Amino acid sequence: MTADSTPALVQQADAATDGPPAGPSAARGPRARNTKAYLQYVAAKIAGAVVSLFAVLVTSFFLFRLIPSDPVKQMTGGRPVSAEQLESLRHQLGLDQPMWQQFTSYIGDALTGDFGASFAYHAPVMDKIVEKLPATLLLTGTAYVLYSLIGIWLGTRTAWRNGSAGDRFNTALALTLYSVPSFWLGLLLIIVFSVGVGPIPGMFPTGGMTSGDTSGFGYVIDVAHHMVLPVITLVAVGYAQTLLVMRSSLLDEMGSDYLTTARAKGLRDDVVRRKHAVPNAMLPTFTLMFVNLGHVVAGQILVETVFSWPGLGSLFYQGLSTPDLPLVQGLFFVFATAVILANTLADVLYPLLDPRVGR
Amino acid sequence: MTTTDSMPTPTPASAPPEPVRSARALARARKRQSAARFWREYRRHKGGMWGLAGLILIALVALAAPQLVGADSESVTEASGGALESPSGEFPLGTDQFGRSVLALLVWGARVSLTVGLLAAFLCVAIGTVVGIVAGHFRGWYSTVLMRVTDWFLVMPTLVLAVALASVMDRSLWTIIIAIGVTTWPTTARLVRAQTLAVESRPYIERARALGGGHGHVMLRHVLPNVMPLVLAQTTLAISGAILSEATLAFLGLGDPTITSWGSMLQDARAAGAVSAGDWWYLAPPGIAIALVALAFTLCGRAIESVLNPKLGVAR
């Protein structure tokens, strides 16, 4: 919705003003000056991203230290352990060191990609994240591509036929689906299409990624079968934002003189739309898509949990309920990093698409 | 943007000729006029009117909850029905696992969801407005620092941060309100800052400064009234987001276990095995209620936005 999309747009507008002004270099041509200014702009954006990454790292350390829990008690799980054993475990985990020492060693290890060992899995956090990442990328990546395409397509159609019955219906439907809690829609889909209600038989599996030991082509079909309901949930809740941004930016363009010119040249209506209006209206949608891209990695904690999808979202939920401090720290950092990288990529690519920005 | 004190308001022809009026009376009359103008514009948005009607209805239901369904309907021990009964004449939406009427819980849950939605949105918009105005008004390093902090909050995964905050603090309604408010303000801060910059570039601000208006005077008497309409639209949109977030956090089991909200109803339903048993009457109503309230606030917010900025082209 507009509320979420505007910050990105405002950010873009800021990016334009934050960028270094092209210095007076009369000796070089305008092109060289532009390239230099652009490289400076890119360098500034990357530097900003590095600062943000470091801030995220520091946050992840302090935020989760605040959770009132004793990791050692969690690990021993109520088994009878002697005080010496507890002490040695504390020492092993480095919990007996002063806070600042824990902090410096945490930052030092994290910079080499080491977030320690998970309390629950007794395995390095990064290994666990790398293991679960493909499942999340598969699910949310598929949903991302689908809802972006559907959103752009429907947004273009509704704006072009602004005020028609189809426009009103599609906008109302999108706003309604946008107001629906994703996890609730998931649960409802499970009831209707997995458990079955009345005459509707349960035709899709209730959760997980596979239902047994299939291999080769059968495995692909099995995973696809398991993906249907979660992907429908994510797409239904997700496409509205793209639709609304695409619709409003196309409506902005539609009064423009260059479209009248294009029509006056005798171009057909859909050529005017495809070749002239849509490319210009794509810019805000493009920003939104990059913002969403960052969230592909962060996955959908709730949808993954509801469908027991073995990805990063479910892992985070488990980590929080344990609580598994190193795991949650590592995931928090990975989620935030993905968003920062996607935003930086958008900042860097945007001036190439819209020459008015960043030069 | 409806500017209350920058644009000269034409005196309506019907007004009686009053050559001398106090400045205060003039200001009041202008405010009344711009409110009337706003309402005339707003009324033309069909979606906004539907949203407003829905909100009034839901607010009335929430306020009249004790009269409508009885004060003891949340009690587990005095539940009158059997566990997980399907809808019947006595229980129009069936019962939960303790034999309580789902309809009664739904009505009580409206109070919690609306309270959390309103307070969290208020907190979010209040922080955002203060940060936005201060960052827009002052130049130099503290503006930069404030915007850096805003950016940093903006890249944090909101839900993850809210979940972390909610799990760090005690399990209460205030925890949820604070967790939502503290994680969602950067959007508002950025919008308000942009608007503040636009307002401060106008000549009348320079005039106010020349007449000796200090920072506080400029920010409170000139900038704030001009960002208020934008803030109003932001609040309405933030409420629907906050209601969804409340449901999410309660569903994750981070809410107050003693209070019934729509999110905690969904969590209870899932815990009671309503999903695998196919008890749709227990699961469907809370979700529909959340969606309807969130939709109503969104419709109002979009209507307000498009009154303020007709270029947005929101469907009427």
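The buried residues of helix 11 of chain B pack against helix 8 (182-196) of chain A. They also pack against helix 4 (102-137), helix 10, helix 12 and helix 13 of chain B.

Which residues of helix 11 of chain B are buried? They are Trp262(B), Gly263(B), Ser264(B), Met265(B), Leu266(B), Gln267(B), Asp268(B) and Ala269(B). Eight of the ten residues of this helix are buried, so helix 11 of chain B is largely enclosed by the rest of the structure. Just after the helix comes Gly273(B), with a positive phi of about 80°.

Now step back to the whole of chain B. It holds 13 helices and zero strands. Read along the sequence, its pattern is α-α-α-α-α-α-α-α-α-α-α-α-α. The chain has 316 residues, and 45% of them count as buried. Take the contacts in chain B with a separation of 6 or more: residues 24 or more positions apart account for 72% of them.

How far does the predictor trust chain B? The average pLDDT of chain B is 80, and 83% of the residues score at least 70. One stretch needs care. Over residues 1-9 of chain B, pLDDT stays under 50. The model has 16 contacts beyond four places in sequence for that stretch. Where pLDDT is low, the predicted coordinates should not be read in detail. For the complex, the predictor gives an ipTM of 0.78 and a pTM of 0.79.

Next, the interface. On the chain B side, 42 residues are in contact with 42 residues of chain A. Several helices of chain B each supply at least two residues to the side that touches chain A. They are helix 5 (141-155), helix 6 (158-168), helix 8 (186-200), helix 10 (215-251), helix 11 (262-271), helix 12 (274-277) and helix 13 (280-308). Helix 13 of chain B gives the largest share, ten residues. By class, the side of chain B that touches chain A has 28 nonpolar, ten polar and four charged residues.

The largest nonpolar core has 156 residues. Which of its members touch the most other members? They are Leu331(A), Phe335(A) and Val163(B). Val163(B) has contacts in both chains: Leu320(A) on one side, and Leu249(B), Leu252(B) and Leu254(B) on the other, leaving aside neighbours within four places in sequence. In soluble globular proteins, nonpolar side chains tend to be buried together.

Turn to chain A. It has 14 helices and zero strands. Its pattern along the sequence is α-α-α-α-α-α-α-α-α-α-α-α-α-α. Buried residues make up 39% of its 359 residues. Among contacts in chain A between residues at least 6 apart in sequence, 72% join residues at least 24 apart.

One helix pair shows how chain A packs. Two packed helices are described by the angle between their axes and the distance between the axes. The axes of helix 6 (residues 125-160) and helix 13 (residues 312-321) of chain A come within 8 Å and cross at roughly 135°. That makes helix 6 of chain A oblique to helix 13 of chain A. From helix 6 of chain A come Lys128(A), Ile129(A), Lys132(A), Leu133(A) and Thr136(A). They meet Leu312(A), Gly313(A) and Leu315(A) in helix 13 of chain A. The residues of this contact divide into four nonpolar, two polar and two charged.

Ser308(A) is found in the loop between helix 12 (301-306) and helix 13 of chain A. Its phi is positive, about 45°, although Ser308(A) is not a glycine. Is Ser308(A) buried or partly exposed? It counts as partly exposed, because it has 15 C-beta neighbours inside 10 Å.

Tyr239(A) is a contrasting site. This tyrosine lies in helix 9 (residues 217-254) of chain A. Why does Tyr239(A) count as buried? The reason is its 25 C-beta neighbours inside 10 Å, where the cut-off for buried is 20 or more. Not counting residues up to four places away in sequence, Tyr239(A) touches Tyr147(A), Ile150(A), Gly151(A) and Ala174(A). Leu175(A) is 64 residues apart from Tyr239(A) along the chain, and their C-alpha atoms are separated by 9.9 Å.

Key:
Residues numbered from 1 in each chain as written. Chains lettered and ligands numbered in written order. Contact = placed C-beta atoms within 7 Å. Helix = DSSP H or I, 4+ residues; strand = E, 2+ residues; numbered from the N terminus. Nonpolar A, V, L, I, M, F, W, Y, C, P; charged D, E, K, R; others polar. Buried ≥ 20, exposed ≤ 12 C-beta atoms within 10 Å, placed from the backbone. pLDDT = per-residue confidence, 0-100. Core = buried A, V, L, I, M, F, W, Y, C linked by C-beta atoms within 7 Å. Axes fitted to C-alpha atoms, helices over the stretch in contact; angles between N-to-C directions. Parallel < 35°, antiparallel > 145°, perpendicular 65-115°, else oblique.
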